[in-house]
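Here is a friendly briefing to read with the picture open beside you. Take your time and look up each residue as it comes along.

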Amino acid sequence: MEEYENMEKKFREAFAGYEPAPPEQGWSRLRSNLQPEPRYDGFLSWITDLPQSSPRFFRLSIGFTAAAVMLFLVIIWFSSGNHSTIRGHAYAGELRLCKGTAYLFRVEDKALPFDSLKNIRSSEIDEKGYYQFSQIKSGKYLVRISPQEFSEGYKHFLSSWYDQHISPDSAHLIMIGAEDLTVDVHLLPKE
Amino acid sequence: MIDDEDIVKGCLQKDIQSQEAFYHRFAGKMFGVCLRFSSNKLDAEDLLQEGFIRAFGNLHRFRFEGSLEGWIKKIMIHTALNVYKKQLKFPKEVEIYEVMEHATFSEDALSRLSREDLLRIIHCLPVGYRTVFNLFVIEGYTHKEIGLMLGISENTSKSQLFRAKQAIQKEIEK
């Protein structure tokens, strides 16, 4: 058995501290296994991949929220800048109409008579005869006032187009740009 | 030079530079271990990868109670055993006397062999022989420990070692 002991000794000595050159691509291969390429989860992946307890995640969250709020305010500012308000009072004779509805029509035809009128908004008239249409885009509009059925105004006045016209063809066209307009409507008497 | 403790701390924080330093510090020696336990270089490279991945995954368990090199070597060996477990088929009962035969071969032939020759001989061994030979002769485990590691009896470990030596003897005499 001495031969085998020599054999063992030979192997033991040969491989004591054996340190061959590691594989050339070993580290790059291992690195890709340890830290795989980040997958693309959309534009939020750069923030959602962070540990949620990290200060960086916290700072990014605050920054992102602030940016979103700023963007929202800018949108509001721009949108309000390009829109106008049409407001006014409805009159039944000398008095203001207490109950009724104001209708706003957008005129899309270029010439009279209007082939199409598009009712885009309605507004309840309050007890002081006041109505308002806000956030109106620039363009051509008509306003029509209808007294509420069976009200005092309904008994004596007709639904009328601005300003005191029975039909839209003869109604006064309201041109609106970036400015607000006051449009008082006088109802036509039934007699 | 960064010490082991700093490297381990960096690795635990997933610091890529620490991981690279860890790899380069032990890759050579561990590749040597992998080459001995596998049958070719490509398998050894795969084994090295697998072992390092396991090492990084278990690094939080390292308590600095022994050497880091010893710890990672154990990981590599267990990785190898795990990888080759399916191929390791040992006879259930082997009496040691069955394999006690005369061992005679040229001392001269043995002395002429280089490390590369010895490695080639190891690669030619059946996986069971190779594993037991590596564990007993080079790593210094006892037959009892090998039995526990491989789920075999001490006698089976002894007979596998004897057969491994016989196979090596035949290769040397070729």
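What follows is a short tour of the two chains, where they touch, and a few local details.

This is a predicted model, in which local features need a pLDDT of at least 70, side-chain atom pairs count only at pLDDT 80 or more, and totals for chains, interfaces and linings use all residues. Residues are numbered from 1 along each chain as its sequence is written, while chains are lettered from A and ligands numbered from 1 in the order in which they are written. The model scores ipTM 0.87 and pTM 0.56.

**Confidence**

- Where pLDDT is low, the predicted coordinates should not be read in detail.

**The two chains**

- Chain A has 5 helices and 10 strands; here helices (H or I, at least four residues) and strands (E, at least two) are DSSP runs, numbered from the N terminus.
- Chain B has 9 helices and 0 strands.
- Of the 191 residues in chain A, 19% are buried, and of the 174 residues in chain B, 35% are buried.
- A residue is called buried if 20 or more other C-beta atoms lie within 10 Å of its own, exposed if 12 or fewer, and partly exposed in between, with C-beta atoms placed from the backbone.
- Two residues are in contact if their C-beta atoms, placed from the backbone, lie within 7 Å.
- In chain A, 64% of the contacts with a separation of 6 or more link residues 24 or more positions apart.
- In chain B, 69% of the contacts between residues at least 6 apart in sequence join residues at least 24 apart.

**Where the chains touch**

- 28 residues of chain B are in contact with 24 residues of chain A.
- On the chain B side, the elements giving two or more residues are α2 (16–37), α3, α5 (107–112), α6 (115–124), α7 (127–138) and α9 (154–173).
- Helix α2(B) gives the most to this side, with 11 residues.
- This side of chain B divides into 16 nonpolar, 5 polar and 7 charged residues; Ala, Val, Leu, Ile, Met, Phe, Trp, Tyr, Cys and Pro count as nonpolar, Asp, Glu, Lys and Arg as charged, and the others, Gly among them, as polar.

**Nonpolar cores**

- In soluble globular proteins, nonpolar side chains tend to be buried together.
- A nonpolar core is a set of buried Ala, Val, Leu, Ile, Met, Phe, Trp, Tyr and Cys residues joined through C-beta atoms within 7 Å.
- The largest such core has 46 residues, and those with the most contacts inside it are Met30(B), Cys34(B), Met76(B) and Val132(B).
- The largest share of this core, 10 residues, comes from α2(B).
- At least three residues of this core come from each of domain 1 (4–84) and domain 2 (96–173) of chain B, with bounds from an automatic or database domain assignment.
- Apart from this core lies another, of 22 residues, including Leu104(A), Tyr131(A), Leu142(A) and Val143(A).

**Helix α7 of chain B**

- How many of the 12 residues of α7(B) are buried? The count is 11, so this helix is largely enclosed by the rest of the structure.
- The expected span of a helix is 1.5 Å times one less than its number of residues; for α7(B) that gives 16 Å, which agrees with the 16 Å between its end C-alpha atoms.
- Leaving aside neighbours within four places in sequence, Val132(B) is in contact with Ile146(B), Ser157(B), Gln160(B), Leu161(B) and Ala164(B).
- Just after α7(B), Gly140(B) takes a positive phi of about 80 degrees.

**A closer look at Ala44(B)**

- Ala44(B) is found in helix α3 of chain B.
- Ala44(B) is buried because 23 other C-beta atoms lie within 10 Å.
- Leaving aside neighbours within four places in sequence, Ala44(B) is in contact with Phe31(B), Cys34(B), Leu35(B) and Ser38(B).

**Backbone details**

- Tyr162(A) and Asp163(A) are joined by a cis peptide bond, with omega about 0 degrees.
- Asp163(A) is found in the loop between β7 (160–161) and β8 (174–176) of chain A.
- Gln135(A), in strand β5 (residues 130–137) of chain A, has a positive phi near 55 degrees although not a glycine.
- Gln135(A) counts as exposed because it has 11 C-beta neighbours inside 10 Å.
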